Structure formats: C-alpha cells, structure tokens
Amino acid sequence: MIKVENLGKYFDNIKAVDGISFEVKKGEVVGFLGPNGAGKTTTMKMLTSFISPTFGTASICGHSIIDDSLSVRKNIGYLPETVAVYSDMRVSAFLDFAAQIRGFDKNERFKKIKSVVDVTNLNSVFNQEIETLSKGYKCRLGLAQAILHDPPVLILDEPTDGLDPNQKHEVRALIRKLSTDKAIIISTHILEEVESVCSRAIIISKGAIAADSTPEKLRSQSSFAGAVDVTFKAAKIGIFELLKGLTSVSQVNQLNNQRYLLLPKSGCNLLEEVISVSTNNGLTISDITVDKGRLDQVFYEITTNS
Amino acid sequence: MKNIAIIFKREIAAYISSPIVYIFIVFFLILSGVFTFKLSGFFEIGQADLKSFFGWIPWLYLFLIPAISMRLWSEERKSGTIELLFTFPIKIYEAMAGKFLAAWAVITSALLLTFTLPLTVEYLGKPDVGVMIAGYIGSILLSGCYLAIGCFFSASTKNQVISFIFTFVNCLILLLIGFEPFVKFFEGLHLPLWLLTQISNFSFFTHFANIQKGILDVRDIFFFVTFICVSIYCGALILENRKAE
Ligand SMILES: Nc1ncnc2c1ncn2[C@@H]1O[C@H](COP(=O)(O)OP(=O)(O)O)[C@@H](O)[C@H]1O
Ligand SMILES: [Mg+2]
C-alpha cells in the first residue's frame, strides 16, 4: 500500500533523505529507526505530501504523492512529530472539526468520534480545552484524529514520545490492534517499541536505509547474539581452559570466580556444547542464559559505522 | 465550498474564544469615535450625514487590518497546526478563503457596531439613507481589499512584523495614488492622460470615494471583488510553496 522509489530531499546543501526505496504491505507495522537527524520526519512529510521531494517518488494506495496529493491525504492518517492540535479548541470541537474535514455527516461524525474517543481513552477530557491537556493526552488526541476516518495507511511520527510507561503500553497495544487491516509506519528511537509492535524494522542513517529486516533477524546480527552466560555451583581451577577449548567458542571472559561469559563463533550453537562439557566433567551449573542479541547493539553498530 | 465553510466556522470559534477580536472592536470603536467627533467636529458641522466618519475609515483600517491579518498564518506556523491542516484533504485556497472570510466577518462586525451613528444622524436631521448604506458597503469592500493583501503577506512570511509593515505599505500606496494631493502631483509630472487615469483607476481611494457619493457602480464593485480574489489566489500560490518553512 506504500511504495517508495528512490525518494530524496535536499535542503540547500543538507541531504536530509538521500534516495530511499521500500514497500509496505497491508498488515505490516514498519518501525522507522534512526538517530536524530537521520531523515525520518522528512520522509514522513514527503509521504503525506506536505513537502515535495527533490527527486524520486512514492505512492500511497496507488496514488502518487506528487500528482495526486489530495487522494494521498484522503488515504492517510498522520500524527506529526510536533503533535499539532489547535490548542484554543476543546477536544470535542477539535475532533468534530477533523471529522467534518474528512467529509462525514452529522450522524457519522457522532459515531466516529465516540468510537475513537473510546479507543484512545479520551472520555475524561472530552470537554476540556486542549491547552490544558498533558502531553500524553495531546498525543492521544493526535492519534484519535489520525485514525478517525479509518485510513488504510497510518503514518505516526514518534507516537509515544513523552508518554508515561502505562500510556506507552496502551498506545502500542492500540497500534497492534489497528495493524491487521492497515499499513503502518511509525518512527521512533525507542528500540523496545520496535520489538513490541513492529513486524519489520527499517534503520535509516544519514538519509539512507542501512538495514531493512525483521527485529529478530536484526537482533541476531549483534555480536552478542548466542552468547552464553554460565554460572557454576562451585569454583574450580581449569574451567577457564576447558571452556576455551570448546570448538564453537570465540572468546571467554571470566566475570567472577564461578561466572563466565562465552561468545560464539558465528553460526555455532554454544549452549549444547557448554552443557555437555559440564556434565562430562562433573560440573554443576547453577544458572545459564543465552543472549538473543541486542537491538541497541545492532543499532549502534549500524548507525555509527556508516 | 464545504471545506471553506468548515474552516470559516473553526476560525470564527477561535476568534470568539480569544481576546484579540474584542480588543480590535474596542480599538476600532474608540478610534473611529475620536476621529469622527473630536477631529472632524461631527456635531459642529451640523450636517446630517456620515461623511466625516467614512472619511476616516481608509486611514483607520490602514493600522487595524494589518494587525489582524499578520496573525492569520503565523499562528498556524508557530504551533505547527499548518502541517495538520495541509495534511487534511483540503485545497490550499479553501483554507485561505475560509480564513479570509472569517477575519472579514470580524472586521465587518466591528463596523456594523457603529450603527448608533446613522441612528443619531437620523434623529438629528434628514440624511440620505442610500448614501449611508453605500458608505457602509464601500467600507466593507475596502476592508476586504486590505485584508486580502494582508492574507498574501501573512502567507509569504512567518514574521508578523514584516507581514504588518508590507501590508501597511502596500495598502498605503494603493490609497495614495488616488488621493487628491498625489493625483495633483502626478498631473504636475505632465504624464499622458491615459496613464493618469490608469494610475488612479488602480487606487482604492478612487473607487472608495465613488461609492461614498452614494452611487453603487458595477465597475467599482468589480474592481474590489476582483482585487480580493486575485490577492487571495496569489496568497494561496505562495503558501503552497512556503507552507513547510
Ligand atoms: N526545513 C528544513 N530546512 C533545512 N534542513 C532541514 C529541514 N528539515 C529538516 N532538515 C534537516 O534534515 C535532516 C533530517 O531531519 P529529520 O527528518 O527531522 O530527522 P529525524 O526525524 O530522523 O530526526 C536534519 O539534518 C535536519 O537538520
Ligand atoms: Mg523526527
């Protein structure tokens, strides 16, 4: 539903976005990851046709962002990074305004507003002035406005920024719920968010795509992926050498008397080998964990190397 | 059309809930009162008409309207709502027209609040009601032109001061080229007659003065309406390019 082809935006000499291409299908939640200034917001502004690209193009539900901006905007729900809402209005009036702009008649508006207010938990502030709302409520109001017309494409720029942990949890649950029949892009620099809601992660760095994969696959690229952290019941001399001698080990670090961290050679399964060598030598394991890889590590490696 | 009405209603609601409109109305009423009664000696002249009141209108609006128009787009830019607005499925000119009409309605309301003046004149003597009505219509059209220029400059820059000054200067120039002393000055330059007519034809003052005489000529109304539409259209074009700045 979203198709991006060699999209680029230069601001004078700054290459904010430098030729990116990707596609997002219905049912996918794509996490747009990248350090500040990577070009996430600029890409989203082009996709919503708020700014026009320097080169390349993109389409939303088959409509070109360049030639058919109006159809693009009809098919998109957008939460801008600034969480722009008219602060001089009441929540109810603001949602009614958004619903009018989306072309709903009076009865439909009532139903639509009621349903988004329920899903975004805005009931308690429904008649309040937006000015007086906390950041969390404003953000949810922005989200309510974005999903009001049940658009096939959702573009959310840092939707959980500034929310407390409970609100974050709620918003993520909401995004997961919405994802079944939509194509969703959310930008974030919170890595746990990607793991909890995204089916796919695109890491962009300096305006270009540095990685495009599932969170699990990305995680397994980390140098810690498959590392074994093992603690033995009793300290014994010679354990270090024994572990060092394992065929799939690349490095052993002794963390304290009984605890060791083993890094695997790539593609090898360390866990089985550690367990079998322990039982063969009469060593009792009191604790053992396998690292699934760390997204933050991968993120760091990818975005600082390029 | 529907979108223009939606934007218009939102703007009006915003005006009503903000103090700016009330300040504008109070300023307008006080200043027009001071000018009419003190400076022009409304009662001393002893004529049953509103000439002295309408005579001040072009100069009064010169200060008051840029103060309203400078906020039109700068507020949306400052709060970031411009991004929300233009990622909604509406056309730029629709937003422009909605905002323009709402501000025009506010300015017109302030003008209509001077209804006590014609009532007073009516009480004092036998005024020509037609001339008074024409005076109001001319003032409304004139304010529309000032405001349309203001819309254009508000769309062009996010700086309110620049917007105010450019609107002020442009309105002033378009007034003066039809103002008696300046017309004399142009005549002194021995310019060809057709050019002189063209210059003064392009002035707000000429058309405003025509209507003040009580004659609603189609040509004067056409001038004002065209001027408003063209300014708004140009403002929409420039906003299309500068909305993201
Ligand atoms: N209007 C603008 N004018 C000039 N430079 C801009 C503008 N908007 C963004 N940039 C630059 O483009 C780059 C990407 O910004 P942005 O897309 O906001 O990054 P992100 O959202 O990933 O943090 C940054 O270097 C930023 O300074
Ligand atoms: Mg950003």
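**Entry 1: strand E13 of chain A**

I started with E13(A), where five of the six residues are buried, so the strand is largely enclosed by the rest of the structure. A reminder to myself: I am looking at a predicted model.

Next I looked up the partners of E13(A). Strand E11 (residues 228-232) of chain A pairs with strand E13 (residues 259-264) of chain A in the antiparallel sense, over four bridges. I noted two of the facing pairs: A:Val228 stands opposite A:Leu262 in E13(A), and A:Thr231 has A:Arg259 as its bridge partner.

Then I turned to E12(A). E12(A) and E13(A) run antiparallel and are joined by five bridges. In E13(A), A:Tyr260 is the bridge partner of A:Gln254. I also found that E12(A) and E13(A) form a hairpin, with four residues between them.

**Entry 2: the whole sheet**

In what order do the four strands of this open sheet lie? I read the order as E12-E13-E11-E14 in chain A, with antiparallel pairing. Strand E12 (249-254) and strand E14 (285-290) of chain A stand at the edges; each has a single partner strand, so one side of each is left without a neighbour in the sheet. On average, neighbouring strands of this sheet are turned by 20° against each other, direction ignored.

I then checked what packs on the sheet. Helix H10 (residues 270-280) of chain A does, touching E11, E12, E13 and E14 of chain A. The direction of H10 makes about 170° with that of E14(A).

**Entry 3: strand E7 of chain A**

I picked another strand to compare notes on. Five of the five residues of strand E7 (residues 153-157) of chain A are buried, so E7 is largely enclosed by the rest of the structure.

A:Leu79 has its bridge partner in E7(A), namely A:Leu156. E7(A) is also joined by five bridges to strand E8 (residues 183-188) of chain A, again running parallel. There, A:Leu154 stands opposite A:Ile184 in E8(A).

**Entry 4: the magnesium ion**

Which residues coordinate the magnesium ion (ligand 2)? I found A:Thr41 (OG1) and A:Glu81 (OE), at 2.0 to 2.4 Å. A:Thr41 lies in helix H1 (residues 40-47) of chain A, and A:Glu81 in the loop between strand E6 (76-79) and helix H3 (91-101) of chain A, so the pair ties together parts that are 40 residues apart in sequence.

I looked up how covered each one is. A:Thr41 is buried, with a relative accessible area of 17%, while A:Glu81 is partly exposed, with a relative accessible area of 38%.

**Entry 5: the nonpolar cores**

I moved on to the largest nonpolar core, which has 147 residues. Those with the most contacts inside it are B:Trp73, B:Phe86 and B:Phe204. Helix H9 (residues 129-156) of chain B gives the largest share of this core, 13 residues.

A second, separate core has 14 residues, including A:Val228, A:Ile239, A:Val277 and A:Leu283.

I followed up B:Phe86. Leaving out residues up to four places away in sequence, B:Phe86 touches residues of chain A, A:Phe50 and A:Arg73, as well as residues of chain B, among them B:Trp73 and B:Leu239.

B:Tyr146 has its place in helix H9 of chain B. Is B:Tyr146 buried or exposed? At 1% relative accessibility, B:Tyr146 counts as buried. Its contacts beyond four places in sequence include B:Pro58, B:Cys171 and B:Phe204. B:Pro66 is 80 residues from B:Tyr146 in sequence, but the two are 7.6 Å apart in space, C-alpha to C-alpha.

Last, I looked at B:Thr87, in the loop between helix H6 (81-86) and helix H7 (92-112) of chain B. B:Thr87 is buried, with a relative accessible area of 7%. The side chain of B:Thr87 reaches the backbone oxygen of B:Leu84 at 3.1 Å, and a polar atom of that side chain lies 2.7 Å from the backbone oxygen of B:Glu83. Leaving aside neighbours within four places in sequence, B:Thr87 is in contact with A:Thr48, A:Phe50, A:Arg73, A:Tyr78 and A:Arg102.

Notes. Residues are numbered from 1 along each chain as its sequence is written. Chains are lettered from A and ligands numbered from 1 in the order in which they are written. This is a predicted model: local features need pLDDT of at least 70, side-chain atom pairs count only at pLDDT 80 or more; totals for chains, interfaces and linings use all residues. Side-chain values use heavy atoms; hydrogens and water are left out. Two strands pair if DSSP finds at least two bridges between them. Axes are lines fitted to C-alpha atoms, for helices over the stretch in contact, and angles run from 0 to 180 degrees between N-to-C directions. Contact means heavy atoms within 4.5 Å. A nonpolar core is a set of buried Ala, Val, Leu, Ile, Met, Phe, Trp, Tyr and Cys residues joined through side-chain atoms within 4.5 Å. Buried means under 20% relative accessible area, exposed over 50%, partly exposed in between (1.4 Å probe, protein chains only). A polar contact is a pair of N or O atoms within 3.5 Å; within protein, one must be able to donate a hydrogen and the other to accept it, and residues adjacent in sequence count only if both atoms are side-chain atoms. Donors are N, O and S atoms within 2.8 Å of the metal (3.2 Å for Na, K and Ca); water is not among the atoms, so sites may look incomplete.
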